[in-house]
Every structure is written in C-alpha cells, then in structure tokens.
Amino acid sequence: MILHLRAAVQQLYAVPPGDFTALRGRLANEARAAGDQDLAKQVAALRKPTVAAWALNHFVRTHLDELAEFRSFAELLREAQRTLDADQLRALGRERARRVDALGLQIAAAARDAGNPVGAAPLVEVHDTLVALIADEEAEKKVLTGALVKALSYSGFGSVDIEDAVAIDDDEPALTVVQGSGEGDGRSDANASSVADDLEERRRAKREAQRNRLAGALKAARDAAREADRNVAVLTARQEEVTEGIADLERRLATARDRLAKVTAELEDALGARDRRQAAQEQAEEALSDHDPRR
C-alpha cells in the first residue's frame, strides 16, 4: 500500500511503458480502498511518460553514474557561457555535439536492453533533452528526478521551458537513495548519515577527478585549435604565394603571346615582300629575255 504520492511516482516511473496504465489504476484503487480519496485522485492524474521521457527516466534510474561526466561537461559549458569565455566556448561547443550523440546512443541502448526500443523520432527528443540539460541547470534537475513525462528542448535563447515536464513539479528527486529504519537507539540514523556522508565525499572526489580530466581535455582541445590556426595561417600564406606566382606567369604568358602575334605579323609582312620581289624579278628576267638581240 502506498502512503503518499511520491511513493506512487517512485513505482510508476520505474516500470516499462506498457505496464504504466495498469499499475497506475491499481495504485489508485489501493488508495481509494484505504479511504484516501485525495491520494487516489492524485495518482490517477499522473501522466504516462512519452517514449523519450521513459528512456531518459530509465537511464537516470539505472545508469546514474554514467551521467556524471556528462553533467560535469555541462557545468563547464554553462560556466563558459556565464563568463563569456570565447576560446572555451568554441572548444566546448565543438565537443557538445559529440557527447550528446554518444550519450543519446547509450540511452537508446539501455532502453533496447530493457525491451523497449527507441525509434528515430524519440531519439531526436532524447538528444533535444540532453542539449536542454546542458543549457539550463533547472532542466538538469528535472531530468535527474527520473520522473519526466515529456522531453525538453532548448531554442538557443533564454531558459528551458520546464513547466509540467515532471510528474511532481518540485525540486526533490523521485529517486530513493538511502533511508534509515528510525528504530533502536539512533545508531541506524547515525549509520545512514555516515553512509550518506561517505557517498557524498566519493561523489565529490569523482566529480573533481572528472573536472580535472575535462580540464585536461579542454587544454588539449585549445592547443589543437591553436595549432590548427597556425597551420591555416601558413597554408593561407602559401596559397597567396602560389596565387601571385600564377598571376605573374599569366602576365608573362600574355606578354609572350603579344610578342608572338607581333613576330607573326612581321613574318607575314616579310613573306609577302619576298613573294613580291620574286615576282618582280621573274617579270624583269622575262622582259630581258624578250629583248635579247641574239634572238
């Protein structure tokens, strides 16, 4: 028997999409049978997640650790946007598409392994939600509830529209992490607190290590970008040099063609003059032969 709405959300958004409606009806009936009409109405009003939303919820619930590096990357990109670090924005912007595509495929694979393949259109919605997560910290919080009912999207301006995006519209996660029994001499609560503190410390150390790896990757990306800029500058200078060489050759070729045309014309004139002289010579020789006294 569920005692509150959050318990219903915890169960409902963990089951496969095909089981959602039947389980929602059963939980609502249980609340109604227990005399809690308000809870029954709240449970009955919970919305079935879209295919993309279910895939994201499933991944958050079953592969949360695999989101850690992506979230660290999102934090770096948001920081670069806040500080307007142009170099960092360029480097991280080029990396964003690769990371979104890679994580989208992981989410699709996890959904497929769970027996609920994600088609092309829902996969686009998964990608859009990951882009929104990167752009907006509030969107990230909604995704991490594991209780999305629809995909998110980011237009490139302002904040992400997160209204009615989750089953329970508050900032508390729907996931259960650690709970003490509350019985005995208080040692259970102390142990739970110790476990929670240790878990948080491990997460903090992991985030720091991931941040360091990302910072190293960012430095490498910046170095590669600077090297690429240098290569472009060198090749541009070479291109200009070759272009100028071609232009010089074209000028020389034009001059040579002019000279060839002039020499050709002079040759034609010379040949014409020679032909005329030969004709005159032949005429003179013929006239002289006609006046030969010996004849």
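**Close-up views of a predicted all-helix chain**

**View 1. A111 in helix α6.** A111 lies in helix α6 of this predicted model, in which local features need a pLDDT of at least 70, side-chain atom pairs count only at pLDDT 80 or more, and totals for chains, interfaces and linings use all residues. Residues are numbered from 1 along each chain as its sequence is written, and side-chain values use heavy atoms, with hydrogens and water left out. Helices are DSSP runs (H or I, at least four residues) numbered from the N terminus, and strands are DSSP runs (E, at least two). With a relative accessible area of 0%, A111 is buried, a term that stands for under 20% relative accessible area, whereas exposed means over 50% and partly exposed lies in between (1.4 Å probe, protein chains only). Leaving aside residues up to four places away in sequence, A111 touches W54, A55, H58, N116, P117 and V118, where a contact means heavy atoms within 4.5 Å. A111 and L56 are 55 residues apart along the chain, and their C-alpha atoms are separated by 8.6 Å.

**View 2. The course of helix α6.** The 28 residues of α6 should span 40 Å at 1.5 Å a residue, and the 40 Å between its end C-alpha atoms agrees with this; the expected span is 1.5 Å times one less than the number of residues. The helix bends by about 25° at R96, the bend being the angle between axes fitted to the seven residues ending there and the seven starting there. Buried residues of α6 include Q88, R99 and G104, together with A91, L92, V100 and L103. Just after α6, G115 takes a positive phi of about 90°.

**View 3. The largest nonpolar core.** A nonpolar core is a set of buried Ala, Val, Leu, Ile, Met, Phe, Trp, Tyr and Cys residues joined through side-chain atoms within 4.5 Å. The largest such core has 36 residues, of which F70, L103, I107, L130, I134, L148 and L152 touch the most other members. At least two residues of this core come from each of α4 (51–62), α5 (68–83), α6 (86–113), α7 (120–135) and α8 (137–144). I107, for its part, touches A55, L56, F59, V126 and L130 when residues up to four places away in sequence are not counted. Another core, of 19 residues, lies apart from the largest one, and V9, F20, A28 and A40 are among its members.

**View 4. Helix α4 and its surroundings.** Because 10 of the 12 residues of α4 are buried, this helix is largely enclosed by the rest of the structure. The buried residues are A52, A53, W54, A55, L56, N57, H58, F59, V60 and R61, and they pack against α1, α2 (17–33), α6, α7 and α8. From its first C-alpha to its last, α4 reaches 16 Å, close to the 16 Å expected at 1.5 Å a residue.

**View 5. A8 in helix α1.** A8 is found in helix α1 (residues 5–12) and is buried, with a relative accessible area of 0%. A8 and L39 are 31 residues apart in sequence, and 9.5 Å apart in space from C-alpha to C-alpha.

View 6. E138 is found in helix α8 and, with a relative accessible area of 32%, is partly exposed; its C-alpha atom is separated by 9.5 Å from that of D161, 23 residues apart along the chain. D164 lies in the loop between α8 and α9 and counts as partly exposed at 40% relative accessibility. Although D164 is not a glycine, it has a positive phi of about 60°.

**View 7. Confidence along the chain.** The chain has 9 helices and 0 strands, and it averages a pLDDT of 81, with 78% of the residues scoring at least 70; pLDDT is the predictor's confidence in each residue, from 0 to 100. Confidence is lowest in helix α9 (residues 187–290), at a mean of 73, and highest in α4, at 96. Over residues 171–196 pLDDT stays under 50, and for these residues the model has 28 contacts beyond four places in sequence. Where pLDDT is low, the predicted coordinates should not be read in detail.
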